[in-house]
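Let's take a walk through this structure together, one stop at a time. Have the sequence and the 3D view ready.

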Amino acid sequence: MTQQTDDRYVDPEPWSEATDISAPERSDMDAPAWLLTWRKFRRHKLALISGIFLLTCYLILPIAGFIAPYTPNERSADYLYAPPQSVNLWHDGSFVGPYVYPITATADLENFRWTYTTDETTPMRLQFFCEGDDYNLFGLIPSDTHLFCAPEGATVFLWGSDRLGRDVFSRILYGAQLSLTVGLIGITVSFLLGITFGALAGYFGGKTDWIINRAIEILRSLPELPLWLALSAAVPSNWGPVAVFFIISIILGILDWPGLARAVRSKFLSLREEEFVKAAEMMGAKPSRVIRRHLLPNFMSHLIASATLSIPAMILGETALSFLGLGLRAPAVSWGVMLNDAQNLASIEIYWWTAIPMLPIIVVVLAFNFLGDGLRASLDPYKS
Amino acid sequence: MRTLLDIDGLTIGFGAGEPVVRDVSFTVGAGETVALVGESGSGKTLTCRSVLRILPEAAQLREGTISYAGKDGTVDLLSLSERKMRSIRGDRISMIFQEPMRSLSPLHRLGHQVAEVLRLHRSIGPTEAKRRVLEKFEKVGFVDPARAYASYPFEMSGGMRQRAMIAMAMIAQPEVMIADEPTTALDVTTQAQVLGLMRDLQAETGMAMILVTHDLGVVANMAQKVVVMNKGRVMERGTAEQVLGSPAHGYTEKLFAAAPKIPNVAEPPRISTNTGDDVILDLRDITKSFTMRAGGWRKPTVITACRDVNLKVLRGKTLAVVGESGSGKTTCARVALGAEKPDPGGEVLFHPSTDATPLPVHAMTNAQRLQFQRQAQMVFQDPYSSLSPRMRVMEALCEPMQIHQIGNPAERREKAAAMLEWVGLNPNMLQRYPHAFSGGQRQRLSIARALTLDPRLLICDEPTSALDVSVQDQILTLLEEIRDRADLSYLFISHDLAVVARIADEVAVMRAGVIVEQAPPAQLFHNPRHPYTKALIAAQPKPDISRPIDLALVARGAGSPTTWPEMFRFDGPDAPALRTLEPGHMVRCHA
């Protein structure tokens, strides 16, 4: 032990006991929860990009009519099943500006299909802020100005035209108006039901909990697709497209709530054990106050994340129903309705662009999943 | 003595930030115990984990070397390949973790988990491995090694699991064992026994040990060398005699001053006019049993959490209930607050003021309940979960007044600011969020919140057990100040006799659901009569190397009530009555 005496060490730096006991230890945490969540969320690049993309999508919805060169049901009888056209800038080495080549259709009476020939000698410049068919901006303001449209004598079918000669690109933009909002309405319904039943089950426990849980299990055990089919088949066929749309989204919501209710219930159970909830109860707070002031704010963020993750299911549900012809029906336009036209394998083989509406569905569903994942990862800003 | 481990200039940081461990150096000789002492955030755990390179993923080893002079020559542990590192972990250098409840896999039998170490590092058959494991199990104190071998971790208590962990860490006969707060999660009597076991085993095998702890008492009992750390830096290093005997650094001195001690000399009791008739909370014949449903096939089992508890909290005084986990102290507190209903026959009476009619806590009208909730408040154990993260400090402090509709917003804000000053904090904290603050600060906030309703009685459920010793000291001082300033009465629940020694006017020691001894601290600590109380006092590690834990005394009282000396022995419900041996001193014993 004697040799250890030279191992004696005392830190030479001055040390003082005085500390300011009011100084925040972690001033980076001194911010409302949403700010902390945002700081964390910012680091998830994929989720951030997805969020911005989705935000842009939803912002475009009310002005879809302005961006689309055609209106959804505007027919060009001379251009049935026209293939996608490209927009170019240079012609023969000189700058022309955005232009298209005119196309002409000829009936191929041997194969019974339309063939299109492109006249590559005359570039025709696109027109901007031009007059076209009437539409309503924000669903209210009548307008006929379009961002761009085809010049006289030409067409601009960016993603081709369909069986009736309608522009697929324009129809996708209009279809987004229904396909993207069906998720939002559905999720609102499912949110209300889910929070109510989940909170009842989680807070009161006992019999209430038992009954709600069994109801959830029964709902979950029903095969989804046939149930959707049955419910949508019950929608009177003489209802207008808008009424059908609302009913469809509500049906989707009614079938989706059990998952959310379970999430709410389990979150409730774990939060109830937190000491700040017990403290509020000991202070004499009534159950309604405890739920409103202590429980809800603390799991709202979790709910938003799980809602984001269930919107894609709604969008896919609408698409599936409409694809099968049981959801929205023409003249309403949604991505599912458009895909309904692409049911025929032969037509996809020849006119592959009729299946293009699958693209926005894939992209939007992926974006929602990335966004939801990023949100979920940044929800607990108090743990680093 | 041969130097086994040489940690030199170790610096660890996270991300781009300042290093959290800075220039830490010390050596570990063969067969020697080095204690790393420090409070939370001092970097002691990171330092010891870097020896085995089991750091969190984000941690960067920025500088320094750890050279290990094992049997096969000297290697630098920080630059060794992952493959070679694996052959060192568990074999040459092993580790014991803090949480015995979480560090064993619940799906595997204890014996198999321990034998796995041998399977990984030795080429021996299963029979031989089992033989060695059983041998080790016997060494670490399992009465029936074969049964322990075949049992799952959840069948064992925390102390037994920690013994199994020790067996696992020692089975390969390592040269160095790293123990990261090995006894912090254990009850104090179990801690004493586990520490004794570790010391014996170490003496027997001659391995070196790095012991990470926050408790100077544990250091005094175990270590030959001490490294005191604070904020990632070494404050002081030397032999145990040097550091504990004559601390040279201010921080070490501060740690010493803050360490709770059981007093050597009886302190004069606080002068008070309360002669014993002015009771604020009266627990009468409280028995609380829980019925465990074991499914429809078997008979439900009844568990009695506490039995025949009679306690009186005197106005302006502190009654402390002390016991280890499972002793029934928390159930008592919950019954006292009305959160649990006692079995028929017991009642709890609350006397709002000296002459007022008592309120029966479990049979109150709504108006009476509101009155009770205003006058009896609670301080919780975990400062990190007792304040809602979504509420500003002001909202949290004003909430009780909102619930009871006291004052207008301006008056509430004023009261909240006043309460912040009472607990020693600056009122400009009102606009901040609780998550910006440390555990001690948040415990102050939670005390301030309890005070906003001007309560008469405060129930403190282990208010300091989640805090560092120096902070614990401050909070206890604060609680004493507030008690005198606002003439509060406390019901103080704790597992730590030393904490209670300081603040209580009357101490009740609980074990197995009954009060075994009750007396003022002066009598209890200087003339303990019950073997369990004696064991508790003896098991408390003292930061003084000349007073090691008396393990024989601990062993005599720490077992189950059936193993106590004849005078105190009982089995199940037929406990003897509490007898008054001298005025104010009651012991549960046969006549």
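Just after helix H9(A), Gly325(A) takes a positive phi of about 85°; helices here are DSSP runs of H or I with at least four residues, numbered from the N terminus. This is a predicted model, where local features need pLDDT of at least 70, side-chain atom pairs count only at pLDDT 80 or more, and totals for chains, interfaces and linings use all residues. Residues are numbered from 1 along each chain as its sequence is written, chains are lettered from A and ligands numbered from 1 in the order in which they are written, and side-chain values use heavy atoms, leaving out hydrogens and water.

Now step back along H9(A). The helix bends by about 50° at Leu296(A), with Pro297(A) following within four residues; the bend is the angle between axes fitted to the seven residues ending there and the seven starting there.

H9(A) also leads us inside. The largest nonpolar core has 96 residues, and Leu295(A), Leu281(B) and Leu491(B) touch the most other members. The largest share of this core, 11 residues, comes from H9(A). Such a core joins buried Ala, Val, Leu, Ile, Met, Phe, Trp, Tyr and Cys residues through side-chain atoms within 4.5 Å, buried being under 20% relative accessible area with a 1.4 Å probe, protein chains only.

How do the two chains meet? Their contact (heavy atoms within 4.5 Å) takes 54 residues from chain B and 42 residues from chain A. The rule finds 4 salt bridges across this interface, each a side-chain nitrogen of Lys or Arg within 4 Å of a carboxyl oxygen of Asp or Glu. Look also for the salt bridge between the side chains of Asp11(A) and Arg233(B), at 2.7 Å from N to O.

Definitions and conventions. Helix = DSSP H or I, 4+ residues; strand = E, 2+ residues; numbered from the N terminus. Buried < 20%, exposed > 50% of the residue type's maximum accessible area, 1.4 Å probe, protein only.
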